[in-house]
2 protein chains.
Amino acid sequence: MRRLGKRTLAAAVLAGSLAIWAATVAASGPDPSGRGPRNVILLIGDGMGDSEITMARNYWKGAGGRLAMDSLPSTGAYTTYSVEEFDPSKPDYVTDSSASATGFATGHKTSDKRIGTSPGDDDDLKTILELAQERGMKTGFATTSGISTATEAAFTSHVRFRGCMGPESMQQCLIDRKSHDGPGSIAEQQVDHGVDVMLGGGRTYFEQRIDAGPDRGQTVLEAARRHGFDVALDANELRAARRDRKLLGLFSPVGMSAEWSGDPAKPGQGSGPQRCEENRRPEDQPSLVAMARTTLERLENDKGFFALVEGANIDTYSHSANPCQEIGEAVEFDRAVRVVLDYAKNHPNTLVVVTADHGHAGQIVPVDAETDSLPPGVFSTLVTNEGARMRIAYDTVPAGGLQKHTGTQVRIAAQGPHADGVLGVTDQTDLFGTMKAAIGG
Amino acid sequence: MRRLGKRTLAAAVLAGSLAIWAATVAASGPDPSGRGPRNVILLIGDGMGDSEITMARNYWKGAGGRLAMDSLPSTGAYTTYSVEEFDPSKPDYVTDSSASATGFATGHKTSDKRIGTSPGDDDDLKTILELAQERGMKTGFATTSGISTATEAAFTSHVRFRGCMGPESMQQCLIDRKSHDGPGSIAEQQVDHGVDVMLGGGRTYFEQRIDAGPDRGQTVLEAARRHGFDVALDANELRAARRDRKLLGLFSPVGMSAEWSGDPAKPGQGSGPQRCEENRRPEDQPSLVAMARTTLERLENDKGFFALVEGANIDTYSHSANPCQEIGEAVEFDRAVRVVLDYAKNHPNTLVVVTADHGHAGQIVPVDAETDSLPPGVFSTLVTNEGARMRIAYDTVPAGGLQKHTGTQVRIAAQGPHADGVLGVTDQTDLFGTMKAAIGG
């Protein structure tokens, strides 16, 4: 009875939302039919829980200011847990990025470190990107991590272990090797999948040599060129890339460089009070905004597209307990959200979802604490743009260690067709269903 | 332009929600007109951020299970910050409970430790409970803390310092004393305000003697009886209380007892793995569920009511880093949410809001960490009802200290008239406006 009641309400909310969307479509856009192709754009802030969002807002816009990601009208929370490899009925309350991404990419829970495969029996799980391709839609992504790391990998490949990023890094995925009639490493599969746009770091894995098949002995990068990709290796090449070919951009050996810098969190009295240094990214690396803009330009077509934009290094710099670097990545991610929302304004038939894959270590703690009650791990005090002090503590491991993910539910926000799928409390696997509905079933 | 666009969308969402609400009203309830009086029920889980909600869900219902509070259809996040006493243009990124409650009770930001008064100039701020009284509505609350502590105080009194709970505890509120022609302590003001139902702990402050005015020399409790309150001092007296008088229930000297028990979090190897012991509350103390039910029964009337139900000790046991006690309080709070939702099912003209006043210290961290990467503060490993291990770490202060609040945005969920005021990202002060709109104002 309760479930029925809830579903009835949800249906009514959905109806309301469809009305809004129809009104939006009718009221805007260059397409006189009021429709245009159906697009899905998923924006993932890696490790960007509510705490991380609040830090970035406080520092950049002020506590009473608003981020671009704050403006999406449909909002909720989702549960991020993964499951145990040897007993998938049991939850693992703190997920990693690959299991969480597999959850929303495929609609199936899996165990940590898996990529697009099921726990235990290692079955390939169809991804929303593959479904979009089957429908004739274009697909692509932009990320600040290596393009073969967990989040992008989960949409574009199927292996048992996230570390199997290139053909010479297959120690934990022996059966997936091309020389064993497998689909190959993540990088190989990404090329073979024919994804239209792939932008980020991770050149190292594309410089490894393929061990079997028609491309045997070539690097993955050489094979990509042969299979129709134009390759860009810096920001200039990205700007100059040909528009009539698929696009592969690899702008750094592994992850891309930080947008901002500052002192890492420290034990004892902490670091700071400090202001963050902005604009630290090397000019030869494109920004996430530039990559997101290129992705949308390249993917726009009359059959619609699926795009993924990830602020991957929010997670990276939370692991290393550097609040300025972490916030800088969240700010750049939010600027990319703004680019996407501007696009959606003129293309209202676009589902936009902004969310995270899991929470992270950083907490905003009081600044007025006595010396004997300072956080036991590491912390830093920042002076925000509105001139107030904000203390960020990282305490999931002792000073010097890599900070851990947390198991909290995280925020999810959406606009456009089927946006109301994110209202209330959902699970990461429900996001797959929402996106699937948006691309037409 | 962006703001306008957002407002247009919000208006459309609101219109959709009103349609849903109208449909709900039309489809249910014993009132053939489909309306009934307008009620507002606010449920506050003190310190119940997304991390705390997830802990309780994981332990009690399982990671894939759902709490009663998860079922509300309109959801968002709100910012909890307070402001500086001597420069209210500056934020204090980590609020205490009194400033946050003053924010949603009055619609105005204030500084930590203030109760229903403005920062710096100490003006009284009108509360939603007072507005409801002006409209002829009944008012009341139930809490597991002392009834004169921060959250309830902010709705029912105006003093400069939260500690001024009784007439003999006015050292930091000298100008507020009755002997100085002030309104008196929080307890005195609560009686003078004529709140219809007040249930919780905090008897100590009601046993203090009034220092001036017509009740001079009497205890606050004696004055309450004289001013028309029936007083209940244990669960039996609560059941037997007269229904024709206002009701004051004081079931413990200060805060009420914990529902569950278990080992506190510990440093080093942590405590546990452990199961929590349930049903630990002394029988002479009523549960929050019993108090919430009584509150609704007593307040129901044909002019509507405002009710506050608080799970206050979620915060208490997070401060003391006891995960079983903390989760037990969150579970009992969720049971009270269920009571309220059942009420609203038959009284659809009721706005129900479930939220928190601030985040707290506890984090769900991985259980598989190596010994050299265990949390630096205190932690405990629980074995949840679904048989999995969940590790809760508290690391805002060194082992043995009282844990701190955090500054994260927190979840807010609602149903009923004007529920869509909570969608997206709002501020704690916006909740006042949502409730005010719901009571017609």
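This report describes how two chains meet in a predicted model, and then some features within the chains.

## Basis

In this predicted model, local features need pLDDT of at least 70 and side-chain atom pairs count only at pLDDT 80 or more, while totals for chains, interfaces and linings use all residues. Residues are numbered from 1 along each chain as its sequence is written, chains are lettered from A and ligands numbered from 1 in the order in which they are written, and side-chain values use heavy atoms, with hydrogens and water left out.

## The two chains

Chain B gives 67 residues to the contact and chain A gives 67 residues; contact means heavy atoms within 4.5 Å. Of the interface residues of chain B, 100% are also interface residues in chain A, so the copies meet through the same surface. Together the chains bury about 5,500 Å², 59% of it on carbon and sulfur atoms. Buried area is the accessible area (1.4 Å probe) that two parts lose on being put together, summed over both. Between chain B and chain A there are 0 salt bridges (a side-chain nitrogen of Lys or Arg within 4 Å of a carboxyl oxygen of Asp or Glu).

## Aromatic pairs

Rings of Phe, Tyr and Trp (its six-membered ring) pair if their centres lie within 6.5 Å; planes under 30 degrees apart count as stacked, over 60 as edge-to-face and the rest as tilted. The count over all chains is 8 aromatic pairs. One of them is the tilted pair of A:Phe104 and A:Phe155, with 6.0 Å centre to centre and 45° between the planes. This pair links distant parts of chain A, 51 residues apart: A:Phe104 is in helix 3 (residues 97-106) and A:Phe155 in helix 5 (residues 150-156). Helices (H or I, at least four residues) are DSSP runs, numbered from the N terminus.

A:Phe104 is buried, at a relative accessible area of 0%, and A:Phe155 is buried at 1%. Buried means under 20% relative accessible area (1.4 Å probe, protein chains only). Ring pairs join A:Phe104, A:Phe155 and A:Phe306 in a cluster.

## Helix 13 of chain B

Among the buried residues of helix 13 (residues 428-438) of chain B are B:Leu431, B:Phe432 and B:Met435. Just after this helix, B:Gly440 has a positive phi of about 95°.

How values were computed
Helices (H or I, at least four residues) and strands (E, at least two) are DSSP runs, numbered from the N terminus. Buried means under 20% relative accessible area, exposed over 50%, partly exposed in between (1.4 Å probe, protein chains only).
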